[in-house]
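Here is a short briefing for a first look at this structure. Start with the ligand, then move on to the sheet and the helices.

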Amino acid sequence: MDAVATTPPAVLILLGPPGAGKGTQARMLEDRFGLVQLSTGDLLRAAVAAGTEAGKAARAVMEAGELVSDEIVIAILRDRLAEADCARGVILDGFPRTTVQAEALDALLAETGQRIDAAISLEVEDAAMVERISGRYSCAGCGEGWHDSFKRPATEGVCDKCGGTEFDRRADDNAETVASRLAAYHERTAPLIAYYRDRGVLHSVDAMDGIDAIAGTLGGIVNTVIGQRAPA
Ligand code: AMP
């Protein structure tokens with residue numbers, strides 16, 4: 001694992017439409033740099049499964065491929081960011097998704113003297129996203145992501161990472177919902193590319209390549225960004 005000085009903790013953001021590979025790449029960066037992946041989608045799915053008030057409010061919205069309210073998502077993210085492991089530095093995957101969320105994140109980080117080190121935009125073509133999303137599934141045991149065409153386990157039906165044999169497919173990973181999710185991305189989230197460009201922290205990456213090639217590019221950016229951080 002590369003050495004990372006994380007005082008104050010590093011904050012990285014992965015931007016990109018559904019299917020761009022944010023989750024896959026965030027997990028690879030987590031393994032390589034010891035950072036913590038924070039996925040608001042995962043946190044919301046856990047809230048739905050646990051039947052919390054936030055989960056009850058979010059469920060139908062998520063199934064329709066629309067965005068959950070800023071209020072709910074910001075509250076979930078704030079609580080998670082306050083947990084001790086986030087002192088290792090975080091990679092935000094799927095948050096922020098609106099300008100209101102981006103401003104709330106800036107305010108939250110300011111409270112603890114943190115700031116955003118990099119917002120990395122994964123650039124992809126919409127047309128390819130439906131195939132990427134409809135073929136994906138994950139290990140029920142460890143959460144490792146797999147894909148029918150692009151990333152199959154070495155032994156069919158067995159997770160390479162943990163040996164698990166149970167897999168899940170997300171309820172919203174279907175062609176109909178993908179169209180709404182892509183529309184939500186273009187209308188509400190894509191403006192954040194300019195938001196972070198204006199703040200001098202934007203990096204754009206061609207994410208139509210293979211998973212390992214993209215991981216190499218992202219790793220280079222993260223290494224540089226972390227190397228440039230001023231000591232606390
Ligand atoms: P994801 O796992 O990031 O693809 O998110 C799955 C779904 O959770 C999205 O389609 C939204 O309904 C909801 N969601 C996740 N993150 C956010 C967010 N930051 N703001 C609003 N809704 C979100």
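In this predicted model, a nitrogen atom of the ligand lies 2.9 Å from an N or O atom in the side chain of R97. The side chain of T40 also takes part: one of its N or O atoms is 2.8 Å from a nitrogen atom of the ligand. The protein buries 97% of the 480 Å² that the ligand exposes when taken alone.

**The shell around the ligand**
- The ligand is surrounded by 16 residues.
- The closest of them are T40, E66, G94, R97 and Q101.
- Which helix gives the most to this shell? Helix α2, residues 40-50, does, with four residues.
- By class, the shell holds six nonpolar, four polar and six charged residues.

**The sheet**
- Five strands form an open sheet with parallel pairing.
- Their order is β2-β3-β1-β4-β8.
- β2 (36-39) and β8 (202-206) are the edge strands, and each pairs on one side only.
- From one strand to the next, the twist averages 25°.
- β2 and strand β3 (residues 90-93) run parallel and are joined by four bridges.
- Across this pair, S39 stands opposite D93 in β3.
- Helix α8 (residues 191-198) packs on the sheet.
- α8 touches β1 (11-15), β4 (118-123) and β8.
- The direction of α8 makes about 145° with that of β1.

**A cis peptide bond**
- Most peptide bonds are trans.
- The bond that joins F95 and P96 is cis, with omega about -5°.
- Where does P96 lie? P96 is in the loop between β3 and α5 (99-111).

**Two packed helices**
- Two packed helices are described by the angle between their axes and the distance between the axes.
- For α5 and α8, the angle is about 35° and the axes are 10 Å apart.
- On the α5 side, the contact is made by T99, A102, E103, L105 and D106.
- These residues meet L192, Y195 and Y196 in α8.
- Which classes make up the contact of α5 with α8? Its residues divide into five nonpolar, one polar and two charged.

**Links to keep in view**
- T40 is among the closest residues to the ligand, and its side chain has an N or O atom 2.8 Å from a ligand nitrogen.

Methods. Residues are numbered from 1 along each chain as its sequence is written. This is a predicted model: local features need pLDDT of at least 70, side-chain atom pairs count only at pLDDT 80 or more; totals for chains, interfaces and linings use all residues. Side-chain values use heavy atoms; hydrogens and water are left out. A residue is near a molecule or strand if one of its heavy atoms lies within 4 Å of it. A polar contact is a pair of N or O atoms within 3.5 Å; within protein, one must be able to donate a hydrogen and the other to accept it, and residues adjacent in sequence count only if both atoms are side-chain atoms. Accessible areas come from the Shrake-Rupley method with a 1.4 Å probe; for residues, only the protein chains shown count as cover. Helices (H or I, at least four residues) and strands (E, at least two) are DSSP runs, numbered from the N terminus. Ala, Val, Leu, Ile, Met, Phe, Trp, Tyr, Cys and Pro count as nonpolar, Asp, Glu, Lys and Arg as charged, and the others, Gly among them, as polar. Two strands pair if DSSP finds at least two bridges between them. Axes are lines fitted to C-alpha atoms, for helices over the stretch in contact, and angles run from 0 to 180 degrees between N-to-C directions. Contact means heavy atoms within 4.5 Å.
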